[in-house]
Amino acid sequence: MNDKRQDKVTITEVAKRAGVSTATAGRALGGYGYSRKEIKARVKQAAEELGYRPNLLARGLITGKTKTIGVVAGDIQSPFYASILRGVADVTRAAGFGILLTNSDERMELELEAVQLLREKQIDGLIIAPSDLSDSAHLQAAILDGCPVVLIDRAIRNLAADAVCVDNREASRDCVARLTAAGHRRIGLVAELERWNGGNVADFLAAVASGRVDSSTLFPSWQRLYGYIDALRDAGIPVDPDLIGRVGLYSGEGARKETQRLLDLPNRPTALFSADGLMSAAAMGVITSLDLQIPRDLSLICFDDLDWMSFLKPGIAAVVQPLTEMGEAAARLVLSRIDGNEGPNQRLALRPRFAERGSIAAPPSL
């Protein structure tokens, strides 16, 4: 009985079974160089009969390609990244590529480790949600070494890389405009607003007022704050910093505390805009604990559509991000670069849709 493990079958054994040289077998299975159709068929049949599995790294040394894409996600447990990864996997699989997935936890030291690990695995391209929009030396080094980089969800200024994002600013402007159109003038915002180079919210408001902020290179939560400011200004409503719930660290507890603070104000907001799914879940917990009825007591719009938002009665209005489409677009861009496309870098801003449910009404008389 032959107890040899199938994954130990060598290219030499395949070549012997097919009656060709090892070099010919390598070309036939690796997809490089020229081999006649009948030779390719004979080699592939021999490989299947023997249970041969190619050594991708070894093949990469010959072809310069390993047929793998590296992906660095901010949080692989998040439904946000799960949907993006599905889009990436669908497109790369159809093109004959595999993906190697790593996680950064939104921490630069982990991102640096992840990128180094993936490059050591000789990936052909990298898709990454960067945790820092100013420190990109490691990504620049990858590009200079011939590894295409595609940014997802965030863009880095002055980095020669494609990017796929959502038009966060415009989507948020639309959300808040719906609330102002319903008559609301005191609209609270709950958002993770930790990372902005200019400082705190007051500094940001001042920078926006003076036109010193490029919204395209902000983190998504700050872009959504920008859209909030836009909509209030469009409606002639002054921006009240007390109504901006800044969650310094990305945590449900921080969001809960800020929501509680907003709803405990003597002149509390009549509407609330939560800037992502975690903020929304925490806000709903506070709203429920206070026995506030939506939309009778408080109107609510959430950025990111989660399953429970459509299960509630009334449902919760939400921005539906095209997450799978983002992943698909990122995968197509990186594959195009791997194929040799040297055209100008692309910055795609996909447009989300709005799920209008029953959580918006005219403000109550407080």
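This is a predicted model: local features need pLDDT of at least 70, side-chain atom pairs count only at pLDDT 80 or more; totals for chains, interfaces and linings use all residues.

Me: Which residues line it?
Reply: The largest cavity is lined by Val-71, Val-72, Ala-73, Tyr-81, Ile-84, Leu-85, Val-88, Ile-127, Ala-129 and Ile-152. Two elements give two or more residues to that lining: strand E1 (68-73) and helix H5 (79-94).

Me: Which element gives the most to the lining?
Reply: H5 does, with four residues.

Me: How much space lies in the largest cavity?
Reply: About 60 Å³.

Me: And how many cavities of 30 Å³ or more does a search of the whole structure find?
Reply: One.

Me: OK, helices now. At what angle do H1 and H3 pack, and how far apart are their axes?
Reply: Helix H1 (residues 11-18) packs on helix H3 (residues 37-50) at about 120°, and the axes are 8 Å apart.

Me: Is the crossing left-handed or right-handed?
Reply: Right-handed, for H1 passing H3.

Me: Which residues meet there?
Reply: From H1, Glu-13, Val-14, Arg-17 and Ala-18. On the H3 side they meet Arg-42, Val-43, Ala-46, Ala-47, Glu-49 and Leu-50.

Me: How does that contact divide by residue type?
Reply: The contact of H1 with H3 has six nonpolar residues, no polar and four charged.

Me: Switching to the backbone. Which peptide bond into Pro-295 is cis, and where is that proline?
Reply: The bond from Ile-294 to Pro-295 is cis, with omega near 0°. Pro-295 sits in the loop between helix H12 (277-289) and strand E9 (299-303).

Me: What kind of peptide bond joins Lys-313 and Pro-314, cis or trans?
Reply: Cis, with omega about 0°. Pro-314 is in the loop between helix H13 (307-311) and strand E10 (317-320).

Me: Last one. What is the phi of Glu-106?
Reply: Glu-106 has a positive phi of about 60°, although it is not a glycine.

Me: Where is Glu-106 found?
Reply: Glu-106 is in the loop between strand E2 (98-103) and helix H6 (108-120).

Methods
Residues are numbered from 1 along each chain as its sequence is written. Side-chain values use heavy atoms; hydrogens and water are left out. On a 1 Å grid over the protein atoms alone, a cavity is a set of points where a 1.4 Å probe fits but cannot get out, and a pocket is an open set with protein on both sides within 12 Å along at least five of seven lines; lining residues have an atom within 4 Å of a point. Grid points are joined across faces, edges and corners, and a volume is the space filled by probe spheres set on the points. Axes are lines fitted to C-alpha atoms, for helices over the stretch in contact, and angles run from 0 to 180 degrees between N-to-C directions. A crossing is left-handed if the near helix is turned anticlockwise from the far one by less than a right angle, and right-handed if clockwise. Contact means heavy atoms within 4.5 Å. Ala, Val, Leu, Ile, Met, Phe, Trp, Tyr, Cys and Pro count as nonpolar, Asp, Glu, Lys and Arg as charged, and the others, Gly among them, as polar.
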